[in-house]
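Open the structure in your viewer and keep the selection tool at hand. This tour says what to pick next and what is there.

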Amino acid sequence: MTDDLPAPGPLDALTDVAGIRVGHARVPGERALSGTTVVLAPRGGAVAAVDVRGGGPGTRETDALDPRNLVQRVDAIVLTGGSAYGLDAASGVMAWLEEQGRGVRVGADPAQVVPVVPAACLFDLGRGGDWRARPNASTGRAAVEAAASTDPGARVPEGSVGAGTGAVAGRLKGGVGTASLRLASGATVAALAVVNAAGSVLDPRTGVLYGEYGADEPPVRPDPAVHAAAGRRLAEIEEARRDGAEGDSTEGSLPFNTTIAVVATDAALTRAQAQKLAGVAHDGLARAVRPVHLLTDGDTVFTLATGLVPLPPESVAVLNELLAAAADVLARAIVKAVRAARGADGPGGTFPSYGELYGSS
């Protein structure tokens with residue numbers, strides 16, 4: 001990057017936004033390939049918003065984030081596998097928050113709170129071979145406890161972890177990725193994406209990840225021979241899948257997929273501004289995955305704004321900078337998720353990773 005362009009934060013992660021913590025948990029079991037990721041806000045919560053653009057979303061408490069409605073701040077966001085069943089993970093997070101006295105105060109007693117825990121799920125049912133192996137309240141509790149146990153500014157594990165454990169991106173293994181930018185205004189914008197896309201994350205002509213186009217350096221182009229070999233391997237897997245040679249795999253029978261994400265900033269945003277940030281962040285998703293927002297996608301982006309960095313009185317230019325950065329960091333988080341993913345091969349199917357097919361490219 002040149003000196004006049006925004007640079008990543010120290011960790012290039014969501015936790016570059018001060019006070020934000022991330023925890024992952026995996027569903028136990030040999031035939032389980034699913035999990036949950038929790039993004040924990042600082043005590044006192046953060047301004048939150050959401051923009052849902054997929055035609056088949058699975059969500060919880062998203063209506064509470066409408067700027068016209070009562071709830072002003074939330075304490076946690078849940079991203080989970082398990083399709084709609086996995087939304088039960090949010091109840092474990094809710095119980096933990098209640099124990100901490102965190103939530104919307106509804107009575108004279110400080111313990112009388114109702115935690116509002118927005119959540120979104122992705123479809124990974126059966127990818128480990130066991131249709132019933134999916135996140136529940138205990139998975140959510142494990143993920144939020146993992147987040148709470150981290151130090152401020154901790155690194156965020158990426159790849160096949162948490163909600164990305166069973167994620168698939170097109171014909172490749174998906175996962176969790178995160179990225180950040182420090183802006184000239186002093187604000188930080190960061191994203192964490194769980195990539196489970198029905199669309200493709202790479203250009204079929206070259207093997208270049210779509211999210212790399214338009215970055216500040218030229219995209220890394222795989223060797224044509226490597227790309228050709230990758231294509232042959234993917235074709236072999238697809239043929240075996242069609243011939244029923246992959247046991248009881250459900251993959252391919254129902255093209256239900258979702259990319260879900262959290263974009264966080266330390267800028268002081270109103271709820272309406274936070275909702276705009278979530279909406280523009282979807283532009284990054286559209287850059288990095290093609291196609292997106294289809295009827296069987298549940299593409300959902302949440303925003304958290306901690307408010308530590310005030311905006312200037314004439315804030316349009318600064319807000320535009322934040323909006324542009326939100327799309328940039330989400331696109332890059334998707335690239336990092338695909339690069340960090342580990343392939344899976346088991347009774348639920350064969351899902352090779354980008355790294356296995358393309359190596360250091």
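How many bridges join E4 to strand E8? Select residues 119-121, which form E8, together with E4: two bridges link this antiparallel pair. Bear in mind that the model is predicted. Now pick threonine 59, and find alanine 120 of E8 standing opposite.

Widen the view to the whole sheet. Five strands make up this open sheet, in the order E1-E2-E5-E8-E4, and the pairing is mixed. Strand E1 (21-26) and strand E4 (59-60) are the edges, each pairing on one side only.

Next, select residues 89-99. This is helix H1, lying across strand E2 (35-40), E4, strand E5 (76-80) and E8. H1 runs at about 155° to E5. Then select residues 137-148 for helix H2, which packs on the sheet and touches E1 and E2. The directions of H2 and E1 make an angle of about 145°.

Move on to helix H4, residues 271-288. Its 18 residues reach 27 Å from first C-alpha to last, close to the 26 Å expected. The buried residues of H4 include Arg271, Leu277, His282 and Leu285. Among the elements covering the buried residues of H4 are strand E13 (260-267), strand E14 (300-309) and helix H5 (316-340).

Stop at alanine 281, in helix H4. Is alanine 281 buried or exposed? Its relative accessible area is 0%, so alanine 281 counts as buried. Beyond neighbours within four places in sequence, alanine 281 contacts Val263, Val301, Ala326, Ala327 and Leu330.

Notes:
Residues are numbered from 1 along each chain as its sequence is written. This is a predicted model: local features need pLDDT of at least 70, side-chain atom pairs count only at pLDDT 80 or more; totals for chains, interfaces and linings use all residues. Side-chain values use heavy atoms; hydrogens and water are left out. Two strands pair if DSSP finds at least two bridges between them. Helices (H or I, at least four residues) and strands (E, at least two) are DSSP runs, numbered from the N terminus. Contact means heavy atoms within 4.5 Å. Axes are lines fitted to C-alpha atoms, for helices over the stretch in contact, and angles run from 0 to 180 degrees between N-to-C directions. The expected span of a helix is 1.5 Å times one less than its number of residues. Buried means under 20% relative accessible area, exposed over 50%, partly exposed in between (1.4 Å probe, protein chains only).
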